[in-house]
Amino acid sequence: MHRPGLGMLRLPCPVLACSLAGGGGGGQRRNIQADSSSSARTWRKPEAGWIKLNFDGSSKHATKIASIGGVYRDHEGAFVLGYAERIGRATSSVAELAALRRGLELVVRNGWRRVWAEGDSKTVVDVVCDRANVRSEEDLRQCREIAALLPLIDDMAVSHVYRSGNKVAHGFARLGHKAVRPRVWRAAPPEEVLRFLQQDADQR
């Protein structure tokens, strides 16, 4: 398995184990790569041949109305695609998992074979990397849907980043609260995230 040079550690695919824990039968176990280094504070670009997905979920404290968003950039840090949508009422963990699930759906749809997924929810990253368990049925459902997508991706890396390095994805998740239908931006990002894209570019 090719490694994107991030101090990655190869692990058995935990989201498949997560789906099996919910009562499923056997299944093929795949490998993903989990970042074994400390959490990053700034955005990092991937190596050539990889696409970088930053994802984020947002759940409003009072109403639990939730939205998701994410952004893809290439090895030069250039914007490739962004997405945002409302998902109704959901906990923050469900929103984060749904953001990753939707992100992987778009990876498969666009034929990208190597993806580095990064989010600012340490709990969700730990679940995906088999360092934490999920208990709610909705969390398990999201895990199962993520697991079903993994056989369609050749290589996957997962890491945690602090909010300061995930501002673009957070911006898309905020746009999701306003979206009346699922949105996808290709080539040209919305104005609301341009400043954060430039900040990431200036740090590279």
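These are my notebook entries on a few spots I looked up in this structure, which is a predicted model.

**Entry 1: two helices side by side**

I started with helix H5 (residues 167-178) and helix H6 (residues 191-203). Their axes are 8 Å apart, and the helices pack at an angle of about 170 degrees. Angles over 145 degrees count as roughly antiparallel, so H5 is roughly antiparallel to H6.

Next I looked up who touches whom. From H5 I noted Lys 167, Val 168, Gly 171, Phe 172 and Leu 175. Their partners in H6 are Glu 192, Val 193, Phe 196, Leu 197, Gln 199 and Asp 200. Sorted by class, this contact of H5 with H6 has six nonpolar, two polar and three charged residues.

**Entry 2: Asn 54**

Is Asn 54 buried or exposed? I found that Asn 54 has a relative accessible area of 1%, so Asn 54 is buried. Asn 54 belongs to strand S3 (residues 51-59).

Which side chains make polar contacts with the side chain of Asn 54? One is the side chain of Glu 118, at 3.1 Å. Another is the side chain of Asn 166, at 2.9 Å.

I also listed the contacts of Asn 54, leaving aside neighbours within four places in sequence. Among them are Trp 43, Gly 69, Gly 70, Val 71, Arg 73, Val 161 and Ala 169.

**Entry 3: Gly 119**

My next stop was Gly 119, in strand S6 (residues 114-119). Gly 119 has a relative accessible area of 0%, so Gly 119 is buried.

How far apart are Gly 119 and Gly 57 in sequence and in space? I read 62 residues in sequence and 9.1 Å in space, C-alpha to C-alpha.

Setting aside neighbours within four places in sequence, I found Gly 119 in contact with Phe 55, Val 125, Ser 159, His 160, Val 161 and Asn 166.

**Entry 4: aromatic rings**

How many aromatic pairs does the structure hold? I noted four. I picked the pair of Tyr 72 and Trp 112, whose ring centres are 5.0 Å apart. Their planes are at 50 degrees, so the pair is tilted.

Tyr 72 sits in strand S4 (residues 65-73), while Trp 112 is in the loop between helix H2 (92-109) and S6. The pair therefore ties together parts that are 40 residues apart in sequence. Tyr 72 and Trp 112 are both buried. Last, I saw that ring pairs join Tyr 83 with Tyr 72 and Trp 112 in a cluster.

Note on methods: Residues numbered from 1 in each chain as written. Predicted model: local features only at pLDDT ≥ 70, side-chain atom pairs only at ≥ 80, totals over all residues. Heavy atoms only, no water. Axes fitted to C-alpha atoms, helices over the stretch in contact; angles between N-to-C directions. Helix = DSSP H or I, 4+ residues; strand = E, 2+ residues; numbered from the N terminus. Parallel < 35°, antiparallel > 145°, perpendicular 65-115°, else oblique. Contact = heavy atoms within 4.5 Å. Nonpolar A, V, L, I, M, F, W, Y, C, P; charged D, E, K, R; others polar. Buried < 20%, exposed > 50% of the residue type's maximum accessible area, 1.4 Å probe, protein only. Polar contact = N/O pair within 3.5 Å; in protein donor to acceptor, adjacent residues only side chain to side chain. Phe/Tyr/Trp six-rings, centres within 6.5 Å; stacked < 30°, edge-to-face > 60°.
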